[in-house]
Each structure stands twice: as structure tokens, then as C-alpha cells.
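Morning, everyone. Please have the sequence and the model open for this one.

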Amino acid sequence: MVLAENGHDVRLWTHHQDQADEMIATGKNARYLPDLQLPKNISITSDLALALEGAELINFVVPTKAMRQVASQVLAVFQEAGVTNLPILMHASKGLEQGSHLRISQILEDVFSPLGEAKVVVLSGPSHAEEVAQHDITAITAAGTDQVACDFVQEVFMNDYFRVYTNPDIIGVELGGSLKNIIALGAGALVGAGFGDNAKAALLTRGLAEITRLGVTMGANPLTFMGLSGVGDLVVTATSVHSRNWRAGQQIGQGQSVEEVEAHMGMVVEGLATAVSAYELAQEKGVEMPITQAIYLVIKEGLSIKEVVTALMTRERKGELQFEDNLADLF
Ligand SMILES: NC(=O)C1=CN([C@@H]2O[C@H](COP(=O)(O)OP(=O)(O)OC[C@H]3O[C@@H](n4cnc5c(N)ncnc54)[C@H](OP(=O)(O)O)[C@@H]3O)[C@@H](O)[C@H]2O)C=CC1
Ligand SMILES: O=C(CO)COP(=O)(O)O
């Protein structure tokens, strides 16, 4: 909607023919944004080749678990059409691939490698779709290692209600956007289980500390986690009723099972899969992530929120700045 309102030709692809037909007929996305009228200059199609023809920018925004499959479908269309120059590949999804623990830009680079080196940009930050669609003001980050590609994304998306910053630290931006969903689940779970504001502040602050710890280990700039994709997205997701992750956490905190919550949400709750991937990655890298581990234990071992909170609070005594010694090496 932002791109269309900025005057660009936009094609929106869905994998359901009937959904495309309905959206063309009504100008509305009844399943996901029922109250909003879509701009008229969005062409809706379920034909992927038609959607991709001549595109300068492709925005992948399916759930993480579908990313490799959808990217592979796009690659097949390009190969069939004999495309040799890749357009800019952009994504706005938040998660880590299950098993490989790859970030989404890495999945895209991997899938498109038969056609050369992809220029990948992630658009990420505190941005609930419902509010953007209503022109509520939003600030967000376009990150990638190719500055020209980042500038392009910034240029085409920016307007008076949607402000885009660029950032070369794609590792930090992708990890910030992905890992905050785990903490947002935890924030909802605390509310659901009856804990108060002190608990919420403790969780967000210590959550950011462990996001930064893993991020720095993976090669991110620690300052990125002070920015829109760190503190910003953590605050918006962990304190907003729009957040599916927060709502899922609240229901788990009230005693519903993870399976029940996921089945009833009807939309992706990325934090559930990301908690598992991030826990495995942290184990592999030897990074301490006690809150992520606690959420992992709730999801995988069925521990209650009260049990994991007690375990967290009674851990051995610590200094607050565990990774400060390493920071000097990073600047
Ligand atoms: N919603 C938001 O405000 C924000 C979301 N994000 C991120 O964007 C990503 C997508 O989230 P969101 O759009 O909210 O998720 P939703 O669950 O609301 O919608 C996902 C869409 O992807 C489609 N899809 C799922 N699997 C496939 C597949 N294999 N092939 C083709 N299409 C598929 C779904 O179709 P179907 O109806 O068939 O399931 C649906 O249209 C997530 O990573 C999320 O974290 C990032 C910032 C903000
Ligand atoms: O990432 C988001 C906002 O920036 C959306 O969060 P949820 O997936 O929890 O709704």
C-alpha cells in the first residue's frame, strides 16, 4: 500500500486464485486486513510469472518457514524466462530458518546463487501493518551491504508517514527483528500469568542484553540494537495489542497450550519457531540466552511460565555488563 500510494506500479501475488479473484472484485483483503480499501494501482494476481515480469524490486514477505519454497518458485520463473540480471531482492520477514538457523537474506542469497550474487535489502523495524495501512507514522530501517540497493528501497518507500533510514548492518537488523519476537512472547506471557510492570521492564531490558550478546557474536554492530530494529521493534512488539507474538504469549501465560494458541491465531507467530532456532544457535555458539532458553522450555518441554520465571530469578548472581569487555574490540 505504501509503494502504491507513492505512485509506483505494484503487483501483489497470493498463492490462492480464489483470494486473488475476491480481492480484485472487492478491492479488499478480507482474510488479513478486512477494514481497508486497497489502492487502485495495485494489480493483484496468483500468477507468479505475471507478478514478476520486469520487476525492479521484489519484496518477499511470507512467513520464514515458507521463504525458501517461495524464493525457489521465483528462481524457477526467472530461469524459465532466461533472466540473467537479478532485480533487488527485498524482504520484510522476521525469523531464522529452522535447522540451518540462516537469516532470511542468507536464504535468499543461497536460493538465487545460480543467477549470481543477489543484492538483498531487509526492511525492518517497529511497524505493525495495521497502523502503516492507516497512515499512522512509522520509522523503519532498510539494511543491506549494497548501499545503492538500500538507497533505492529508502527512496521508493519514504513519504510523510513512512520514514526509512538506511543501515549497512544487515546482520544486526535481521537478528534484532527476529529475536525480539521471543521477548515479545515472554512479555505477553508475564501479563497472562499475572506479573506486573517491574517484571515487564526487567524482561525487556535483559531480553535486549541477550539479543545483543548473540548479535555481536554473529557479527552485528551492538549499536544497531539501540536503534529501530532493536529497542524500537522490541518496544512495539512487546507492548502492543497488535502483536501476534505478545497475544500468543499472553494466552500461553493464561494456561493455553502452544498448539491451541497457534491454531487459533490464524496468522504467523514467528517467535515460537524463532525461540527454538535461537536457542539452538546460542547453544552452538556458546552464548548465554537465559530468557530464550526459558521460552524454549515452555514451548518444547511444556514448563509453565511461573516455573521458568522462578528458575530465571534464582540463577547464580551476575554482573550486569557481561559482554562489555568485548565491546572495545568492536569499534
Ligand atoms: N504483520 C505485521 O505487522 C508484520 C509482519 N512482519 C513479518 O512478515 C512476515 C509475514 O507476516 P504476516 O504477513 O503478518 O503473516 P500472516 O500470517 O498474516 O500472512 C502470511 C501470508 O503469507 C502467505 N503464505 C504462507 N505460506 C505461504 C507459501 N508457502 N506460499 C505462498 N504464500 C504463503 C499466507 O497465505 P495463507 O493465507 O495461505 O496462509 C498469507 O497470505 C513474518 O515474518 C512477520 O514477522 C514484519 C513486520 C510487521
Ligand atoms: O514485527 C512486528 C512489528 O514490527 C509484528 O509483530 P507480530 O508478528 O508479533 O504481530
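Let's start with Lys180. UniProt, in an unreviewed entry, places the feature "active site" at Lys180. Keep in mind that what we are looking at is a predicted model. Lys180 is found in helix α8. Is Lys180 buried or exposed? Buried. The cut-off is 20 or more other C-beta atoms within 10 Å, and Lys180 has 34, so the call is clear from the count. Which residues does Lys180 touch? Setting aside residues up to four places away in sequence, the contacts are Ile211, Asp233, Leu234 and Thr237.

Now the ligand. Around ligand 1 there are 22 residues. The closest are Ala66, Ser93, Lys94, Ala129 and Met267. What is the shell made of? Ten residues are nonpolar, nine are polar and three are charged. Helix α4, residues 64-81, gives the most to that shell, with four residues. At least three shell residues come from domain 1 (2-169), and at least three from domain 2 (171-330).

Next, helix α14, residues 290-301. Which of its residues are buried? They are Ile291, Thr292, Ala294, Ile295, Tyr296, Val298 and Ile299. Look at the spacing in that list. An α-helix has 3.6 residues a turn, so residues three or four places apart point the same way. What do the buried residues of α14 pack against? Helices α8 (170-192), α9 (197-217) and α11 (244-253) are among the partners. So are α12 (258-265), α13 (270-285) and α15 (305-313). Note α8 there: that is the helix with Lys180. Just after α14 comes Gly302, with a positive phi of about 70°.

For contrast, go to Thr26. Thr26 sits in helix α2, residues 17-26. Thr26 counts as exposed, because there are 12 C-beta neighbours inside 10 Å and the limit for exposed is 12 or fewer. Where is Gln37 relative to Thr26? The two are eleven residues apart along the chain, and their C-alpha atoms are separated by 8.4 Å.

Last, confidence. The protein averages a pLDDT of 96, and 97% of the residues score at least 70. For the complex, the predictor gives an ipTM of 0.99 and a pTM of 0.97. One caution for when you browse. Where pLDDT is low, the predicted coordinates should not be read in detail.

To recap: Lys180 carries the UniProt "active site" feature, and Lys180 is buried. The shell around ligand 1 draws on domain 1 and domain 2. That's my part done.

Definitions and conventions. Residues numbered from 1 in each chain as written. Chains lettered and ligands numbered in written order. Predicted model: local features only at pLDDT ≥ 70, side-chain atom pairs only at ≥ 80, totals over all residues. Helix = DSSP H or I, 4+ residues; strand = E, 2+ residues; numbered from the N terminus. Contact = placed C-beta atoms within 7 Å. Near = placed C-beta within 6 Å. Nonpolar A, V, L, I, M, F, W, Y, C, P; charged D, E, K, R; others polar. Domains from an automatic or database assignment. UniProt positions renumbered as here; feature names shortened; annotations may be inferred. pLDDT = per-residue confidence, 0-100.
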